[in-house]
Amino acid sequence: MLITLEGLDGSGKTTAWEHLRDRYTEYCFTREPTHSWYGDAVSRSLNNDNADPLAELFLFMADHADHLHRRIIPALNQGKTVISDRYSDSRIAYQSAALAESRLENPFEYIRSLHRPFSYSPDLTIYFSIDPETAAERAGATNKFERTDYLRLVEAQYERLFSAGTRRVTRIDATQPKTAVANQVSERIDAAMSWTAWFDWGHWPSYAGLFRIRQRILFRRWDI
Ligand code: TYD
């Protein structure tokens, strides 16, 4: 099972990820950008206000490809649950916003299409919903993306992505106190895990709706 945490900078998802790491000690915890040398290249680019946004997209993509093959797929193949702080949706939201004024006709679709041939769809995405003003204030503008006007654009891309009926996504009100957010995140994960466990027990009803859920869990229908 692959679970991803998504949201604007300052939405508190990294704090929640740390809380989850203490609670679910048997899971595999990871993040994007990663700590590999590809991730270091991404960080260099993030710290450069003049970095080319298309080149930056490909740095993020290289980091993602390496992350998938080195960390995520091996962990999933061992039957582990993986929780990633940011994943493909971050690219679709942040880089679509960064490329909005570029020569690309439709950056949003372009970035989705880059992922489809090789990436891996999450089973559950927890979206930390927060207004861009509060997010920017909390994030403290430590990188070029953590500004209210840019985060407004990013939020619009996340909404576009999730309003298209992406069933894997569940929202959390990230303006609540940290403990309330952390508890809700754990509840959603426990609920998803109990469904998976139930299916693992081999109860396979023939009824069509449940059959589709079963297909989704077993065959990871593409949902990026
Ligand atoms: P992150 O490490 O989550 O931020 P923080 O500094 O709060 O720990 O991510 C670093 C920045 O990179 C963040 O502003 C979001 C951005 N980002 C993208 O633009 N595209 C991506 O694909 C990813 C994974 C992150």
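Reader: What does the secondary structure of the chain come to?
Author: The model is predicted, and its chain has nine helices and five strands. Read from the N terminus, the order is β-α-β-α-α-β-α-α-β-α-α-β-α-α.

Reader: Now the ligand. Which residues come nearest?
Author: Glu-32, Ser-90, Arg-91, Tyr-94 and Phe-145, out of 13 residues around the ligand.

Reader: And how do the residues of that shell divide, nonpolar, polar and charged?
Author: Five are nonpolar, four polar and four charged.

Reader: Which element gives the largest share of the shell?
Author: Helix α4, with four residues.

Reader: How do α3 and α4 pack, what angle?
Author: Helix α3, residues 53-77, and helix α4, residues 88-98, pack at about 175°, and their axes are 10 Å apart. Angles over 145 degrees count as roughly antiparallel, so α3 is roughly antiparallel to α4.

Reader: Which residues meet there?
Author: From α3, Pro-53, Glu-56, Leu-57, Phe-60 and His-64; from α4, Ser-88, Arg-91, Gln-95 and Ala-98. This contact has four nonpolar, three polar and two charged residues.

Reader: Switching to the core. Which residues touch the most other members?
Author: In the largest nonpolar core, of 41 residues, they are Ala-16, Ala-93, Ile-126, Phe-128, Val-154 and Val-185.

Reader: What is Ala-16 in contact with, leaving aside neighbours within four places in sequence?
Author: Leu-5, Val-181, Ala-182 and Val-185.

Reader: How many contacts join residues at least 24 apart?
Author: 77% of the contacts between residues at least 6 apart in sequence.

Reader: And what percentage of the chain is buried?
Author: Buried residues are 35% of the 224.

How values were computed:
Residues numbered from 1 in each chain as written. Predicted model: local features only at pLDDT ≥ 70, side-chain atom pairs only at ≥ 80, totals over all residues. Axes fitted to C-alpha atoms, helices over the stretch in contact; angles between N-to-C directions. Helix = DSSP H or I, 4+ residues; strand = E, 2+ residues; numbered from the N terminus. Parallel < 35°, antiparallel > 145°, perpendicular 65-115°, else oblique. Contact = placed C-beta atoms within 7 Å. Nonpolar A, V, L, I, M, F, W, Y, C, P; charged D, E, K, R; others polar. Near = placed C-beta within 6 Å. Core = buried A, V, L, I, M, F, W, Y, C linked by C-beta atoms within 7 Å. Buried ≥ 20, exposed ≤ 12 C-beta atoms within 10 Å, placed from the backbone.
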